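Please read it alongside the sequence and the structure.

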Amino acid sequence: MCAFFKHELKEFLTNRKNIAIYLLLIFLSLFYWLQIENNFEIIERVSREELQASIDTKSDFLKKVNREGEIHPDTQAAIEAFPAIVENEEQQIRLLDKKDYKQFSKVRSQWYESYKFKPSPMYYKDGSSTANLTVFYNYWTMFNKLSRYSEMDDPIDLAVIDEKTAIQSLVRAMDYLLPVILVVTSFIFSMDLLARDRKHKSLVKGMPLTDGKKIVVKILVAFIGTMLGLIPLTIGFIGIGLTNGFGYLNLPIGISYFQSKLPLLSEMHFESIPASTYILRFLLLISLLILVAILINLLLGLWIKNAYFLFIVTLGLPFIELFYNRPGYADIHPVHLLPTSYLHVGEIISGQRGLFWSGTQITFSFGLIVVGITFLVLSILLFGVNRFKRIV
């Protein structure tokens, strides 16, 4: 079995198609760094100019507002709230000028926690129907993260607060882009595992192994090959780190979940976990998704002889959730039972997907159960079918 594994791994790593995919991953990584992340600006970014403009606007209002006679409730609310907001924002500017970013994080977190203010119009760009949910999620997440920044032993700078470091960029890529790349890559890498054997029947039959063991080796080789794809993908993140800093593995990453079985915003709980824990959870769930993708390819490959036609058939599978990707959908449909619902791996871990779909059961732990059961069912099907149908 060890000899067959070495043979399969060598064939995999010297395959021109696979080498081309690794080169393409390098290109995608560089594109992500130079074009996507290089132009990324968080909506809740820190801007001295915007803070000063906010102070000037509110101070001007307080000076000119007519406080005599009957006052509209909204005007009265602004008169009562603006002095504290102005004081907080002035303190933020002083701390920015002193470059005391830890104390700045603490003061800015109080800004998110205590004051009601008009959200950035960027949330409503292109008429987003989920803007209000995004504002709610981002404000509470920012409060949670900023309050934790002020308690860290490691130094904090504006790159960390504005989420420009390599670790924070990696976390963003884990939301959807990175999982899709890895799953599609696993389909490409596994599409010809059986077709290749059909071209070398005498060599394969000469191996003193059962078909079941050969399948296990092929699954293992395709999985290792897909995970090796992370190596060329790291090039872009190294570039981001050299430009904006690498960040820390203990940086707090915001997560949320519903505290009851009702998808109510009042039941949404926010907290944070270290980036290292977040990355480990991502690797665990994406590994299961990759294995499921490989098993689907091998199972269909028993009947579909042409490798490229097999790839075309399976290519649409990662995007099935686009058919039900609508706000509140999980409140009326059991989409939490579908493995495709968990391809937004980072958003599953953070709780964003559960909030967006109003799904109290769309969580990381339940995702492991669903994708894990899918893996077991496909394994039983594959090895069961193999008993009645030879792989070559």
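## A buried lysine and its surroundings

Lysine 164 is buried yet takes part in no salt bridge, and the nearest side chain of opposite charge, that of glutamate 41, lies 4.3 Å away. The model is predicted, and side-chain atom pairs are counted only at pLDDT 80 or more.

Lysine 164 is found in the loop between helix 7 and helix 8. Leaving aside residues up to four places away in sequence, lysine 164 touches Glu37, Asn38, Phe40, Glu41, Ala159, Ile240 and Asn244.

Glutamate 163 is likewise located in the loop between helix 7 and helix 8. Its relative accessible area is 11%, and glutamate 163 therefore counts as buried, the limit being under 20%. The backbone of glutamate 163 has a phi near 55 degrees, a positive value in a residue other than glycine. Most residues other than glycine have a negative phi. Serine 358 also has a positive phi, of about 60 degrees, although it is not a glycine. Serine 358 lies in the loop between helix 17 (352–357) and helix 18 (364–386).

## Salt bridges

How many salt bridges does a search of the whole structure find? The search finds ten.

| Pair | N to O distance |
|---|---|
| Arginine 172 and glutamate 37 | 2.5 Å |
| Glutamate 163 and lysine 145 | 2.1 Å |
| Arginine 353 and glutamate 347 | 2.8 Å |

The side chains of arginine 172 and glutamate 37 meet in a salt bridge at 2.5 Å. This pair links distant parts of the chain, with arginine 172 in helix 8 (residues 166–173) and glutamate 37 in the loop between helix 2 and helix 3, 135 residues apart. Arginine 172 and glutamate 37 are both buried.

Glutamate 163 forms a salt bridge with lysine 145, with 2.1 Å between the closest N and O atoms. Here too the pair links distant parts of the chain: glutamate 163 belongs to the loop between helix 7 and helix 8, lysine 145 belongs to helix 6, and the two are 18 residues apart. Lysine 145 counts as buried because its relative accessibility is 10%.

In the salt bridge between arginine 353 and glutamate 347, the closest N and O atoms are 2.8 Å apart. Both arginine 353 and glutamate 347 are buried. Salt bridges that share partners join Glu37, Lys145, Glu163 and Arg172 into one network.

Helix 6 has 19 residues and reaches 26 Å from its first C-alpha to its last, close to the 27 Å expected at 1.5 Å a residue. Its buried residues include Val135, Phe136, Tyr139, Met142, Phe143, Leu146 and Tyr149, as well as Lys145.

Helix 5 (residues 101–114) has 14 residues that should span 20 Å at 1.5 Å a residue, and its end C-alpha atoms are 20 Å apart, in agreement. Which residues of helix 5 are buried? They are Tyr101, Phe104, Ser105, Val107, Arg108, Ser109, Trp111 and Tyr112. An α-helix has 3.6 residues a turn, so residues three or four places apart point the same way. The cover over the buried residues of helix 5 includes helix 3 (48–64), helix 4 (73–98), helix 6 (131–149) and helix 7 (158–161).

## A nonpolar surface patch

Leu24, Phe27, Leu28, Phe31, Ile36 and Leu177 form a nonpolar patch on the surface, and their accessible area together is about 520 Å². Helix 2 (residues 16–36) gives the most to this patch, with five residues. Leucine 24 is in helix 2 and is partly exposed, at a relative accessible area of 42%.

## The chain as a whole

The secondary structure of the chain comes to 18 helices and two strands. Along its principal axes, the C-alpha trace spans about 95 × 45 × 35 Å. Of the 392 residues in the chain, 50% are buried. The accessible surface comes to about 19800 Å², with 62% belonging to carbon and sulfur atoms. Among contacts between residues at least 6 apart in sequence, 77% join residues at least 24 apart.

Methods: Residues numbered from 1 in each chain as written. Predicted model: local features only at pLDDT ≥ 70, side-chain atom pairs only at ≥ 80, totals over all residues. Heavy atoms only, no water. Patch = residues over 30% accessible without salt bridge, like charges linked within 9 Å, V, L, I, M, F, W, Y side chains within 5 Å. Areas by Shrake-Rupley, 256 points an atom, 1.4 Å probe, with all protein chains shown as cover. Salt bridge = Lys/Arg side-chain N within 4 Å of Asp/Glu carboxyl O. Helix = DSSP H or I, 4+ residues; strand = E, 2+ residues; numbered from the N terminus. Buried < 20%, exposed > 50% of the residue type's maximum accessible area, 1.4 Å probe, protein only. Expected span 1.5 Å × (residues − 1). Contact = heavy atoms within 4.5 Å. Lys, Arg positive; Asp, Glu negative; His and termini not counted.
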